[in-house]
Amino acid sequence: MFLATPLCLLAMAFSDPAAPAATPPPTIRSAGSGNWSDPATWEGGQVPGEGARVQVKAGDQVVYDVADDRVIRSIHVAGTLDFARDRDTRLVVGLIKIQAGDDDSENGFDCAFHAPAAIEPGDPRPTLIVGTADDPIPAGKTAVIRLAYVEGMDKETCPAIVNCGGRMEFHGAPMPKTWTRLSREAGRGEAVVMVPQSDVVGWKPGDQILVAGTTRQVGYKNSRTHSVAERPATETRRIARIAPYRELDDRMVRVFLDAPLENAHRAEGAYRAEVANLSRNVVIESADPDGVRGHTMYHRNSSGSISYAEFRHLGKEGVLGKYALHFHLIGETMRGSSVIGASFWDSKNRWITIHGASYLVVRDCVGYKSVGHGFFLEDGTETRNILDGNLAVMALRGKPLPEQVLPFDQNLGSGFWWSNSLNSFTNNSAAECDQDGYRFEVFAGDDFDPVLPVLQPDGRKKAVDIRALPFIRFDDNEAHCMRFFGLNLGGFNDGGVPPKPGEKPEPRATRPADEYKQEGRRRIEDVEGVGPDARHPFRIRNFRSWDTHWAFHAGSPSVLAEGMDFFDCQYGVWRSVMDRHEYAGLKMERIVSRGIFFPRPGLAKPDEMVLLNPVDDLPPSTVITHVRRKDRQDPSGPLVVRGSCADNGEVVRVVVNEIEARALRPNFAEWEAEIPSVGVARVEAHAEDEAGNVEKTPHRLPLDSTGLAAR
């Protein structure tokens, strides 16, 4: 990441060097704990108003208890700012910075100039709380933060919410399912969709839902569109009412829409359109989506999690690092933080960016409309992250970002995009994206060396060629209605997307000119035959790709595919390097052109060809995501600890403070343990797998004086 980012300082009249800088308004500081609306909470007895710069001082706890459309210029949270749960609240602000100390400078991106050292466990931590996992903003109440540009701030970095080593929490009313699939086809002109009743608990009239498109757009050759955005099949509607469908099946409900659908949406056997709820009662949004947009981010040594919050109209188009939600170079310092059940829609720059981070959990989130890749792992050093049960719809073609870390990324619009596969991707779905449902991409050249420092099981870093790293897990993922690829594993793009009318092509030059093909065609740009060895292949289980141009394409060697279902696609396995590829349970139906088209040889010579011989020598990865008291009224009672686990094999146990946890889902994907709290100074969890691998770096969380995790 390029860090030389300008500050959000007050603008100066550069056209006239003699012109004085504008005088910043004075800072209104808290005088103690209390409600925001109470004059006694503030020094001078003045409640912050239009254009105010505000500081919540260390040790003070201020409850934000108003719904106010006046724009607060900036809020520096050194103490605690907690949103009320007994009323609707609304805050319009140019910058919120969660950071220890007294420095209230206006910086909308970088903490490096003024961030203090990491906060020690037990020390007070600056905190922004908009609900917590145990005490969310309840159903029936709303909390809205509206990010507004304030004249004089830097438009490239503000407005923003930036967590510089503090704690930041956003938690709305839970819903058991954030997305589901159609129970029967929804026809053009119909104003109702049918879905399972158990999947729409918590959905209500007025909520905005999307119905994913099931009409494939042609992205290839002369008939191609430039983007699915030109004529999308995905549609959004408001829920008018929800009613049981007792005439046919009382396990189904009819969701009536505020307007008829313009497209038909398929529900044929296993191939069914997704229906997702985009509405949440905790909202972070830009005040002017057509103007200067906002962004949010966590920095290193921060803490906090997100559940059932809505991030809408965020992301600065074409600006590096200014994403809807950005975990920025946090390493392992936020191990166990999670984003659960959130929605991200209409982003001009990605949905969630995981940058230089490990051990994050992103689960049950919905992404809809993003310029550029949606769920994005940024620099190739990210490992042991869990992306589970997420939905990516309409990740759209963007442009490469200035000074981006990985120069080969053309930002063509993938639902899920990564350059380091040592992560877990399970139960996700991608629909109607411009380029790929899932994309693993690395291209070595004069401008990029793929040997990077990668976290090892013992906690150390080691220089590794990231092209050779396998998945921790890639199971039960689905893609449909892609203009190009369902899953592109280390392969190449189709030669580049043609420029839109009026645009100039952007040729790349990572190789000497004489290596390029004649007549302006580029050399194949893929992993160049480098991949995992035969003992650690890319293992793909139960991948489904339907109504897509190219269902599966691989440039990577060493692939063990156990269950692939390709349906109603132009091609099945397309132009893949077949070196050390093995397929079991490969099902292809309604393939228009070729099931297996133009298989390519790898770099291995015939006498070097070997069969795959998978071994499991990778320990599991465990994270603690939640610690709470079983009974809030009993401070000496047991603690309930929950978390997630990922492994390339079968997990046989998770142990929490020497007590075995119970699996809430197969393979301990989610688990729970009950442990005593008396005399316990920390919670420690590790996992063991069937092959005998024991996690070498357990997740350890210190407990504070109340016996809860000191995050």
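Cys-645 is buried, at a relative accessible area of 6%; here buried means under 20% relative accessible area, exposed means over 50%, and partly exposed lies in between (1.4 Å probe, protein chains only). The model is predicted, so local features need pLDDT of at least 70 and side-chain atom pairs count only at pLDDT 80 or more, whereas totals for chains, interfaces and linings use all residues. Residues are numbered from 1 along each chain as its sequence is written, and side-chain values use heavy atoms, with hydrogens and water left out.

A disulfide is defined as a pair of cysteine sulfur atoms within 2.5 Å, and a search of the whole structure finds 1 disulfide. This disulfide joins Cys-111 to Cys-164, with an S to S distance of 1.9 Å. The link of Cys-111 and Cys-164 is left-handed, with -75° about the S-S bond. Distant parts of the chain are linked by this pair: Cys-111 lies in the loop between β9 and β10, and Cys-164 lies in the loop between β12 (160-163) and β13 (167-171), 53 residues apart. Strands (E, at least two residues) and helices (H or I, at least four) are DSSP runs, numbered from the N terminus. Both Cys-111 and Cys-164 are buried.

The loop between β9 (95-98) and β10 (127-130) also holds Ala-100. With a relative accessible area of 23%, Ala-100 is partly exposed. Ala-100 and Gly-165 are 65 residues apart in sequence, and their C-alpha atoms are 7.7 Å apart in space.

Charged side chains were examined next. Side chains of opposite charge can pair when their charged atoms come close. A salt bridge is a side-chain nitrogen of Lys or Arg within 4 Å of a carboxyl oxygen of Asp or Glu, and the structure holds 51 salt bridges. One of them joins Arg-363 to Asp-388, the closest N and O atoms being 2.8 Å apart. Arg-363 in strand β30 (residues 361-363) and Asp-388 in strand β33 (residues 386-388) are 25 residues apart, and the pair links distant parts of the chain. Arg-363 is buried, with a relative accessible area of 5%, and Asp-388 counts as buried at 3% relative accessibility. Another salt bridge is formed by Arg-541 and Glu-562, whose closest N and O atoms are 3.8 Å apart. Because Arg-541 lies in strand β44 (residues 538-546) and Glu-562 in strand β46 (residues 559-567), the pair ties together parts that are 21 residues apart in sequence. Arg-541 counts as buried at 15% relative accessibility, whereas Glu-562 is partly exposed, with a relative accessible area of 27%. Salt bridges that share partners join Arg-363, Asp-388, Arg-642, Arg-662, Arg-665, Glu-670 and Glu-672 into one network.

Aromatic side chains were considered in turn. A pair of aromatic rings is described by the distance of the centres and the angle of the planes. Rings of Phe, Tyr and Trp (its six-membered ring) pair if their centres lie within 6.5 Å; planes under 30 degrees apart count as stacked, over 60 as edge-to-face and the rest as tilted. The structure holds 33 aromatic pairs. Tyr-298 and Phe-327 form a stacked pair, at 5.0 Å centre to centre and with 0° between the planes. Since Tyr-298 lies in strand β23 (residues 295-298) and Phe-327 in strand β26 (residues 325-331), the pair ties together parts that are 29 residues apart in sequence. Tyr-298 is buried, with a relative accessible area of 0%, and Phe-327 is buried, with a relative accessible area of 2%. The rings of Phe-375 and Phe-416 have planes at 15° and centres 4.9 Å apart, so this pair is stacked. Phe-375 in strand β32 (residues 375-377) and Phe-416 in strand β35 (residues 414-418) are 41 residues apart, and the pair links distant parts of the chain. One aromatic cluster includes Phe-375 and Phe-416, and among its other members are Trp-351, Trp-418 and Tyr-438.
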